[in-house]
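Hi,

Here is the structure I promised to pass on to you.

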Amino acid sequence: MSGQPLEIERKYLIRRPEEALLRTLPQADPTEITQTYLKADESGMMRRVRKRGSDAKGWQYTYTRKQHAGFGKRIELEDEITEAQYQALLEEAEPAMQTVHKVRWCFVYEQQLFELDVYAFSGELATLEIELPDIDTKVELPPQIEVIADVTGDGRFSNFALSRSLSFPAV
């Protein structure tokens with residue numbers, strides 16, 4: 001595991017905020033994301049492609065491989081790809097999975113950068129994530145966001161798992 005890029009984050013299930021509230025968050029920046037999971041390959045890592053941006057801002061395409069590396073930790077290898085490469089990789093989509101459509105609201109609270117994902121499939125729930133230097137770093141949660149549960153390490157709330165049914169599991 002040493003030498004591998006490591007993603008360390010906390011994840012929370014939250015009550016989906018109204019868009020008016022989202023627009024008041026400090027430095028709020030919404031971005032559309034379309035995420036498709038691909039068939040497994042010989043590496044054993046989870047693979048996905050992502051289209052991120054908007055018609056106004058333009059689109060960015062990425063190819064990502066992830067592997068669990070402990071509580072709240074994953075090895076993450078991500079490459080920017082062209083639209084043509086993205087379209088070609090979509091041919092490798094895992095048929096048991098559905099494409100996830102969401103809007104990600106990035107904002108800063110108490111000098112911490114949060115990512116709040118609003119999913120097209122849910123009018124009631126959303127997720128809030130924060131990347132950390134260490135899993136035990138203290139997180140200051142914004143008081144205007146209603147946290148239902150800390151779901152860090154609960155695989156049922158990963159985007160990979162959510163793409164199976166396009167619904168949140170019961171908490």
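By a nonpolar core I mean a set of buried Ala, Val, Leu, Ile, Met, Phe, Trp, Tyr and Cys residues joined through side-chain atoms within 4.5 Å, where buried is under 20% relative accessible area, exposed is over 50% and partly exposed is in between (1.4 Å probe, protein chains only). The model is predicted, so local features need pLDDT of at least 70 and side-chain atom pairs count only at pLDDT 80 or more, while totals for chains, interfaces and linings use all residues. Residues are numbered from 1 along each chain as its sequence is written, and side-chain values use heavy atoms, with hydrogens and water left out.

The largest nonpolar core has 17 residues, and Ile14, Leu22, Phe107, Phe114, Leu116, Leu128 and Val139 have the most contacts inside it. Two or more residues each come from β1 (6-15), β6 (100-109), β7 (112-119) and β8; strands are DSSP runs of E of at least two residues, and helices runs of H or I of at least four, numbered from the N terminus. Another core, of 9 residues, lies apart from this one and includes Leu125, Ala149, Val151 and Phe157.

Setting aside neighbours within four places in sequence, Thr127 has contacts (heavy atoms within 4.5 Å) with residues including Lys11, Tyr12, Ile14, Leu116 and Phe168.

Now for the charged pairs. The whole structure holds 15 salt bridges, each a side-chain nitrogen of Lys or Arg within 4 Å of a carboxyl oxygen of Asp or Glu. In one of them, the side chains of Asp150 and Arg10 meet at 2.5 Å, N to O. Asp150 belongs to strand β9 (residues 147-150) and Arg10 to strand β1, so this pair ties together parts 140 residues apart in sequence. Asp150 is partly exposed at 40% relative accessibility, whereas Arg10 counts as buried at 16%.

Which residues are linked in a network of salt bridges? They are Lys102, Arg104, Glu115 and Asp117. Within this group, Asp117 pairs with Arg104, their closest N and O atoms being 2.7 Å apart; the two lie in strands β7 and β6, 13 residues apart. Glu115 also meets Arg104 in a salt bridge, at 3.5 Å, N to O. Arg104 is buried, with a relative accessible area of 5%, and Glu115 counts as buried at 17%.

Happy browsing!
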